[in-house]
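Good morning, and thank you for making time for this item. I would ask everyone to look at the screen while I go through the contact between the chains and then the metal site.

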Amino acid sequence: MLLIKCPWCGNRAESEFNYGGEAGIARPANPDTLTDAEWADYLFMRKNPKGLHQEQWNHAQGCRRWFNAERDTVTYRFTRTWRIGEAPSSTRDVDS
Amino acid sequence: MSDSLKRHHCLEPFSEDSATIGSSASAEPAIRVTFDGHREFYNLRGDPADAAFTDAVKSFTGQSIPDKANTLSYRECTTCWLGPDEWLVVYPSFEAGRFEKFSTELDSTDATAVDVSHGYIVLCLSGDSALDLLAKGCTLDLHLSSFNVGDCVQTGIARTAAIIANIAEGDHYEVIVRRTFAEYLAIWMRHAGAEFGIGFD
Ligand SMILES: [Zn+2]
């Protein structure tokens, strides 16, 4: 069973969580000034890397909070998780 | 005007249909389940760093809200940690006007309380094999080294979202579940508990 460390509840089974897409995408402050291409980039374009990826996850069957996670898309290993609004720790829990 | 109305809950038909199931049917079953459908539940949202909020709750319930994740505090009522700004306050029985008083108590704060009593029912499990039964349906480590009196966890049991509260010494556990899922979960327990011997009251 893959364990994911909720920043509030600690390690829980993957089946308690939902994936919420790439992390750190901020809504543009002035949408009116954006070109169509810039707006499309905000809405649709995502990184999709092979390797470490920063993502949003929700502890759906636990505390129901959103948090950030860094996951290796090749190994599926979660290297660190952190609360929304906080910075990630400078060290990783595990290497990817 | 009626003199009094009997309060009912959704698992009463289930109790009547379910005799003791399992190998030890003649003896006392290893797991006993009772349903408590008459509690009061308040969902509480507030900032634990806001003294006006925590003081108001403490003066009403007589106990501090638990600030440690996945724990509960217990006195006249049970207050379960649900999230960093969310708790579930559980009173053992209904009392007319109590919620209104509680709500008024929070008026001067930024916190909110919502009466969600209609949404939940409690399955009270006791017996030597109660944890073995829960362990069959959830992924948590329920061993004594990680699950003790005063702990309360939200998790999935047999794909149903539930809260498991460890409220007393001995093998007593409360499973707080949404009423609409309660019958499904009770049926699951009847099947999953057969190998230990399970009885419903
Ligand atoms: Zn959590």
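This is a predicted model: local features need pLDDT of at least 70, side-chain atom pairs count only at pLDDT 80 or more; totals for chains, interfaces and linings use all residues.

Across the interface of chain B and chain A, 10 residue pairs are in polar contact, both residues of each pair having pLDDT 80 or more.

Which strands of chain B supply the side that touches chain A? At least two residues each come from β4 (78–83), β8 (152–157) and β9 (160–168) of chain B. The most is given by β8(B), with 4 residues.

In one salt bridge, the side chain of A:R64 meets that of B:E86, at 3.3 Å from N to O.

Turning to the extent of the interface, 12 residues of chain A are in contact with 18 residues of chain B. Between them, the two chains bury about 1000 Å², and 45% of that area is on carbon and sulfur atoms. Within chain B, the residues that lose the most area to chain A are B:P84, B:T139 and B:Q154, which together account for 41% of what that side buries.

Let me now move to chain A itself. Chain A contains 1 helix and 6 strands, and along the sequence these follow the pattern β-β-β-α-β-β-β. The C-alpha trace of chain A spans about 45 × 30 × 25 Å along its principal axes.

Which protein atoms are its donors? They are SG of A:C6, SG of A:C9, ND1 of A:H59 and SG of A:C63, lying 2.0 to 2.4 Å from the zinc ion. The spacing of these donor residues in sequence is C-x2-C-x49-H-x3-C. Distant parts of the chain are linked here: A:C6 belongs to strand β1 (residues 3–6) of chain A, whereas A:C63 lies in the loop between β4 (52–58) and β5 (66–72) of chain A, 57 residues apart.

As for geometry, the angles among the 4 donor atoms of the zinc ion run from 105 to 118°. Four donors count as tetrahedral if all angles lie between 85 and 135 degrees, and the site of the zinc ion is therefore tetrahedral. For reference, the ideal angle for four tetrahedral donors is 109.5 degrees.

I am happy to take questions.

How values were computed. Residues are numbered from 1 along each chain as its sequence is written. Chains are lettered from A and ligands numbered from 1 in the order in which they are written. Side-chain values use heavy atoms; hydrogens and water are left out. Contact means heavy atoms within 4.5 Å. Buried area is the accessible area (1.4 Å probe) that two parts lose on being put together, summed over both. A salt bridge is a side-chain nitrogen of Lys or Arg within 4 Å of a carboxyl oxygen of Asp or Glu. A polar contact is a pair of N or O atoms within 3.5 Å; within protein, one must be able to donate a hydrogen and the other to accept it, and residues adjacent in sequence count only if both atoms are side-chain atoms. Donors are N, O and S atoms within 2.8 Å of the metal (3.2 Å for Na, K and Ca); water is not among the atoms, so sites may look incomplete. Four donors count as tetrahedral if all angles lie between 85 and 135 degrees; four count as square planar and six as octahedral if opposite donors are over 155 degrees apart and all others between 65 and 115; anything else is irregular.
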